[in-house]
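Please read it beside the sequence and the coordinates.

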Amino acid sequence: AFSGLIGAGITKSLNGARGLEAWRWIFIIEGSITVFIALGAIFVLPDFPSNTRWLSPTERAVAEWRLIKDAGQVDEDEESWTYGFKTAVKDWRLPIFALMFLFLQVASATSNFFPSVVKTLGFNNVNTLLLTVLPYMVALATSVLNNWSADRTQNSSFHVMWPLAVAIVGFIVGAASLNTGARYFAMVLMIAGGHGSNAVVLAWTQKTMLRPRIKRAAAVAFVNATGNLAQVFSSYLYPDEGAPRYVLAMSVNSAFALGSILLALTMRLILLKENKKLEQGADVAQVMRGEAQTEIKGISEEERLARKMDFRYIA
């Protein structure tokens, strides 16, 4: 959203400055901001409560206590990343999450060419960049609220599916109509729907492939990397001759969004079946592989085991 505002200002004020075109200034200025924030993140982003320097000892203790209470055990495995990667790729759920995220990234590929899509409305470059702001602001609000709701309701699948269904409506309207108002509304749906599910899928991966910790980390990295392969071929979906309807792109985006919805539904049914097995007495230890046996101060052994036995997959 702010990129559109910054881009509009640069296009209007810096085109030709020091002999550089506006698009070069966009890369220089926005790229520099990104690098600066990334360098600062090294000192700010937490790794794990026990080694986060900017937390006080009391805050570290509270953060660790919350993790322990949630799982009924301590995450303290010291295996290597290669072990985590091997155990992750052997888990049959990993390819489902990876494909789900890949399909989702294809469905949201409109954002890579969004200024070109918005330009089909017939406005000049500056106004086109300004018009990209609203869809991304709506997408920001949608993403935050959708992720909050998914965590609050302990339901991931529906929070993956409904934004993608909204995006499909946007793709269909965008390809079918030439009305300016209808097309701009469709663009809002495309961006908000396409981005509303991203973090839910990654969080769902963590909630499902949770033990041991190094496996969870490897799984999330694999899913994220697989999803970004979408940028390789989605770049060919928006040729200039496809404007203004971009029928091919909208059709492909819709198909992949539907594919992601079906995979989310499949994973939901699988996890509900697993939960049923747990309720019927299946060994929770098989889910909690890699668990530590360290005594947890303040929690009795009976309470620790009870918390562990209460574990259910989030579907």
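The model is predicted, so local features need pLDDT of at least 70 and side-chain atom pairs count only at pLDDT 80 or more, while totals for chains, interfaces and linings use all residues. Residues are numbered from 1 along each chain as its sequence is written, and side-chain values use heavy atoms, with hydrogens and water left out.

**Salt bridges**

The structure holds 5 salt bridges (a side-chain nitrogen of Lys or Arg within 4 Å of a carboxyl oxygen of Asp or Glu).

| Pair | N to O distance |
|---|---|
| Aspartate 91 and lysine 215 | 2.9 Å |
| Lysine 207 and aspartate 151 | 3.6 Å |
| Glutamate 274 and lysine 277 | 3.7 Å |

Helices are DSSP runs (H or I, at least four residues), numbered from the N terminus. Both aspartate 91 and lysine 215 are buried; buried means under 20% relative accessible area, exposed over 50%, and partly exposed in between, with a 1.4 Å probe and protein chains only.

Lysine 207 in helix H11 (residues 198-208) and aspartate 151 in helix H8 (residues 133-153) also link distant parts of the chain, 56 residues apart. Lysine 207 is partly exposed at a relative accessible area of 22%, and aspartate 151 is partly exposed at 45%.

Glutamate 274 and lysine 277 both belong to helix H14 (residues 247-279), where they are 3 residues apart, about one turn of the helix. Their relative accessible areas are 24% for glutamate 274 and 39% for lysine 277. Elsewhere, salt bridges with shared partners join Asp91, Arg93 and Lys215 into one network.

**A buried arginine**

Arginine 183 lies in helix H10 (residues 180-196). A polar atom of its side chain is 2.7 Å from the backbone oxygen of glycine 174.

**The second largest pocket**

The second largest pocket has about 820 Å³ of space. On a 1 Å grid over the protein atoms alone, a pocket is an open set of points where a 1.4 Å probe fits, with protein on both sides within 12 Å along at least five of seven lines, and lining residues have an atom within 4 Å of a point. Its lining has 26 residues, with Ser3, Ile26, Glu30, Pro115 and Leu129 nearest the centre. Two or more lining residues come from each of helix H1 (2-13), helix H2 (22-44), helix H6 (114-119) and helix H7 (125-131). H2 gives the largest share, 8 residues. The lining divides into 12 nonpolar, 12 polar and 2 charged residues.

**Backbone**

The peptide bond from alanine 243 to proline 244 is cis, with omega near 0 degrees. Proline 244 is in the loop between helix H13 (230-234) and H14. Tyrosine 246 lies in the loop between H13 and H14; its phi is near 50 degrees, a positive value in a residue other than glycine, and tyrosine 246 is buried, with a relative accessible area of 4%. Arginine 18, in the loop between H1 and H2, has a positive phi near 55 degrees and is exposed, with a relative accessible area of 78%.

How values were computed:
Points joined across faces, edges and corners; volume = space filled by probe spheres on them. Nonpolar A, V, L, I, M, F, W, Y, C, P; charged D, E, K, R; others polar. Polar contact = N/O pair within 3.5 Å; in protein donor to acceptor, adjacent residues only side chain to side chain.
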